[in-house]
Amino acid sequence: MLVFVPSSVGAGGWETVHRHVHKTGKCGSGKEVLATLYSIGSRTSTGEPVSRDSLTAASHEYPLGTTVSVTNPANGRTCSVRINDRGPFGRARDAGVKIDFTPGAARCLGMRGTQYVCLPGDETVEVAGVPRIVDADTVEIGGTKIRLHGIDAPETDQLCLDEKGERWPCGIASRDELARRFGGKPWTCEVSSQDKYGRSLGTCRVGSESVEEWMVRSGWALAFIRYSREHEASEAVAREAQSGLWAGAFIAPWDWRDRNRRTMILGAASVPRNAQEVLLGAASAAAAPSQQCVIKGNISRSGECIYHQPGNRWYAKVMMGPGKRWFCSTTEAEAAGCRAPKR
């Protein structure tokens with residue numbers, strides 16, 4: 001990606017941009033963010049061909065396909081710009097640039113180089129379409145990864161105990177139940193902010209039915225009260241009926257991701273005495289939960305999560321156990337904040 005930096009930035013480049021480019025304070029209730037111009041290759045992140053003259057932009061702040069009303073506070077011009085690419089990257093991003101405009105969008109706004117522009121406040125944006133189910137609380141619609149807000153479902157490598165005390169891959173089952181109920185149907189999601197992995201946080205409906213409410217009431221997800229108490233009543237219904245996960249014993253998804261000997265075991269009244277030992281044991285992570293979920297997730301010495309696919313040079317050397325993750329797809333691994341090995 002080639003970034004065009006205005007001459008006013010000076011010889012110091014991005015390291016000195018804030019000495020020369022300043023906020024105007026003219027955005028009112030909107031957000032005033034640093035913006036620049038860019039030129040890229042032949043394809044955008046949405047897969048469509050690049051058009052230098054189109055009113056489009058690259059951003060990490062909005063779902064792909066979102067149309068944003070942008071105002072240039074220096075001249076008052078306002079243009080509707082569609083987000084069809086991801087960026088900025090490199091030094092521009094380190095300098096705090098939040099949006100990159102194509103030359104066509106920059107001309108519309110009367111921009112000649114790096115400056116501050118006005119974007120809308122944190123209003124909700126609607127994303128619609130038939131999703132691809134990533135896991136039981138993450139979907140992808142038109143290139144936008146959406147984390148269902150207010151609920152937390154088992155990870156795909158998570159194991160639970162059924163009503164007989166036998167282990168079963170509850171994370172995969174929860175994902176499959178979501179796909180069985182709502183897969184192949186058009187969704188409408190209201191999204192706003194993003195989580196730390198860059199996924200848009202959204203509440204979704206299929207027709208008049210809330211996806212999140214159905215998942216919790218059916219026992220395939222829990223109310224994530226750390227962020228919302230909206231689904232507590234639905235969780236009580238599932239717990240009373242011993243539906244889904246509540247038929248046996250399990251660890252709350254947020255605890256499973258960082259489980260230890262103090263982790264609480266949830267579930268039916270007849271939880272086996274050895275439930276904690278079984279669910280916390282190394283065997284729960286040593287083998288893949290399914291033949292379809294064989295991608296290994298490992299934390300590097302630098303603290304990064306790196307995923308390894310079968311055939312990768314490091315795959316056989318990664319010994320699975322507590323602190324490691326199994327993934328069913330690279331999309332799922334990336335949604336959890338992992339990256340592919342660099343070599």
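## Basis of the values

The model is predicted, and local features need pLDDT of at least 70, side-chain atom pairs count only at pLDDT 80 or more, and totals for chains, interfaces and linings use all residues. Residues are numbered from 1 along each chain as its sequence is written, and side-chain values use heavy atoms, with hydrogens and water left out.

Helices (H or I, at least four residues) and strands (E, at least two) are DSSP runs, numbered from the N terminus. Buried stands for under 20% relative accessible area, exposed for over 50%, and partly exposed for the range in between (1.4 Å probe, protein chains only).

## Nonpolar cores

A nonpolar core is a set of buried Ala, Val, Leu, Ile, Met, Phe, Trp, Tyr and Cys residues joined through side-chain atoms within 4.5 Å. The largest has 33 residues, and I146, L178, W187, V211 and M215 touch the most other members. At least two residues of this core come from each of β8 (125-129), β10 (138-141), β11 (144-148), α4 (170-182), β15 (187-194), β16 (200-206) and α5 (211-217). Another core, of 19 residues, lies apart from it and has L64, V68, V70 and I83 among its members.

## Helix α4

The expected span of a helix is 1.5 Å times one less than its number of residues. For the 13 residues of α4 this gives 18 Å, which agrees with the 18 Å between its end C-alpha atoms. C170, G171, I172, A173, S174, R175, L178 and F182 are buried in α4. After the helix comes G184, with a positive phi near 80°.

## The sheet β22-β21-β23

Two strands pair if DSSP finds at least two bridges between them. Three strands form an open sheet in the order β22-β21-β23, and their pairing is antiparallel. β22 (305-308) and β23 (325-327) are the edge strands, each pairing on one side only. From one strand to the next the twist averages 30°, with axes taken as lines fitted to C-alpha atoms (for helices, over the stretch in contact) and angles running from 0 to 180 degrees between N-to-C directions.

Strand β21 (residues 295-299) runs antiparallel to β23 and is joined to it by three bridges. I295 has F327 of β23 as its bridge partner.

## Salt bridges

A salt bridge is a side-chain nitrogen of Lys or Arg within 4 Å of a carboxyl oxygen of Asp or Glu. The structure holds 14 of these. In the one between D53 and R107, the closest N and O atoms are 2.8 Å apart. D53 is in the loop between β2 (31-39) and β3 (56-59) and R107 is in helix α3 (residues 103-109), so the pair ties together parts 54 residues apart in sequence. D53 is exposed, at 57% relative accessibility.

E155 and R325 also form a salt bridge (3.1 Å, N to O). This pair links distant parts of the chain, 170 residues apart: E155 is in the loop between β12 (151-152) and β13 (160-161), and R325 is in strand β23. E155 is buried at 11% relative accessibility, and R325 is buried at 16%. Within helix α6, E235 and R239 lie four residues apart, about one turn of the helix, and their side chains meet in a salt bridge (3.4 Å, N to O). E235 is buried at 15%, whereas R239 is partly exposed at 40%. A network of salt bridges links D137, R147 and D152.

## Aromatic pairs

Rings of Phe, Tyr and Trp (its six-membered ring) pair if their centres lie within 6.5 Å; planes under 30 degrees apart count as stacked, over 60 as edge-to-face and the rest as tilted. The whole structure has six aromatic pairs. One of them is the edge-to-face pair of W168 and W220, at 6.3 Å centre to centre and 75° between the planes. W168 lies in strand β14 (residues 167-168) and W220 in the loop between α5 and β18 (222-223), so the pair ties together parts 52 residues apart in sequence. W220 is buried, at 14% relative accessible area.

The rings of F224 and Y227 have centres 4.9 Å apart and planes at 85°, so this pair is edge-to-face. F224 is buried at 8%, while Y227 is exposed at 53%. F182, W187 and W214 are linked into a cluster by ring pairs.

## Backbone exceptions

Most residues other than glycine have a negative phi, and most peptide bonds are trans. The bond joining G87 and P88 is cis, with omega about 0°, and P88 is in the loop between β5 (78-85) and α2 (90-94). Q242 has a positive phi, near 50°, and lies in the loop between α6 (232-241) and β19 (249-250). Q242 is partly exposed, at 42% relative accessibility.
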